[in-house]
Amino acid sequence: MIVSRDDFPLFEMKIDSLVKNQNKVKPEQYEFIINGALDTIDQLQWQTKAMYLKPAEKFNDCLSVACLLTPANTRLVLLHEAASEDRIKTFLNEVYDLYARLAMNPFFSHSEKINITQFNQRVAQHAARLF
């Protein structure tokens, strides 16, 4: 999920290989877990200079929330089970690269959802390659 600095969701995608649902958490709860983690992320961003926040929050000891902060305070948030931290960091960096290219477009609005087919396809390709 990509969340703007005003907590507006810009992009959402479910990656089935990240959450295998063996944790008895309903898929409807995923968005609430991520939104709950945004408060923790807001606190953590002032405690570190790093862009990548290692598991920023854990839910029921089985789901973790990782985050990559952009200089514009846009947050790339990923809900996952036990996945490799290196792969998560690589994935978030690649999505950030795609987002940065999109954000440099003068016709891109930072207050609207991203509904671009090529963006969705590229994110899905990176997810399939890494997870």
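Predicted model: local features only at pLDDT ≥ 70, side-chain atom pairs only at ≥ 80, totals over all residues.
Residues are numbered from 1 along each chain as its sequence is written, and side-chain values use heavy atoms, with hydrogens and water left out.

The pockets come first. A pocket here is an open set of points on a 1 Å grid over the protein atoms alone, where a 1.4 Å probe fits, with protein on both sides within 12 Å along at least five of seven lines; lining residues have an atom within 4 Å of a point. Grid points are joined across faces, edges and corners, and a volume is the space filled by probe spheres set on the points. The largest pocket has a volume of about 400 Å³. It is lined by 22 residues, of which Met1, Met13, Lys14, Ile15 and Ile34 are the closest to its centre. Three elements, helix H1 (30–44), strand S5 (75–80) and helix H2 (85–103), each supply at least two residues of this lining; helices (H or I, at least four residues) and strands (E, at least two) are DSSP runs numbered from the N terminus. S5 gives the largest share, 4 residues. By class the lining has 18 nonpolar, no polar and 4 charged residues, where Ala, Val, Leu, Ile, Met, Phe, Trp, Tyr, Cys and Pro count as nonpolar, Asp, Glu, Lys and Arg as charged, and the others, Gly among them, as polar.

The second largest pocket holds about 170 Å³ of space. Its lining includes Ser4, Arg5, Asp6, Phe8 and Leu10, along with Ala72, Thr74, Tyr99, His110 and Ser111. The classes there are 4 nonpolar, 4 polar and 2 charged residues. Serine 111 lies in the loop between H2 and H3 and is exposed, with a relative accessible area of 52%; buried means under 20% relative accessible area, exposed over 50%, and partly exposed in between (1.4 Å probe, protein chains only).

Two loop residues other than glycine have positive phi. Aspartate 7, in the loop between strand S1 (2–3) and strand S2 (9–11), has phi near 65 degrees and is partly exposed at 40% relative accessible area. Asparagine 73, in the loop between strand S4 (63–69) and S5, has phi near 70 degrees and is partly exposed at 26%.

Next is the helix pair. H2 and helix H3 (residues 117–130) pack at an angle of about 165 degrees, with their axes 10 Å apart. H2 is therefore roughly antiparallel to H3, a term for angles over 145 degrees. Axes are lines fitted to C-alpha atoms, for helices over the stretch in contact, and angles run from 0 to 180 degrees between N-to-C directions.

Two further residues close the account. Threonine 40 is found in helix H1 and is partly exposed, with a relative accessible area of 22%. Threonine 40 and glutamate 57 are 17 residues apart in sequence and 7.1 Å apart, C-alpha to C-alpha. Leucine 69, in strand S4, counts as buried at 9% relative accessibility. Its C-alpha atom is separated by 9.7 Å from that of leucine 92, 23 residues apart along the chain.

How values were computed. Parallel < 35°, antiparallel > 145°, perpendicular 65-115°, else oblique.
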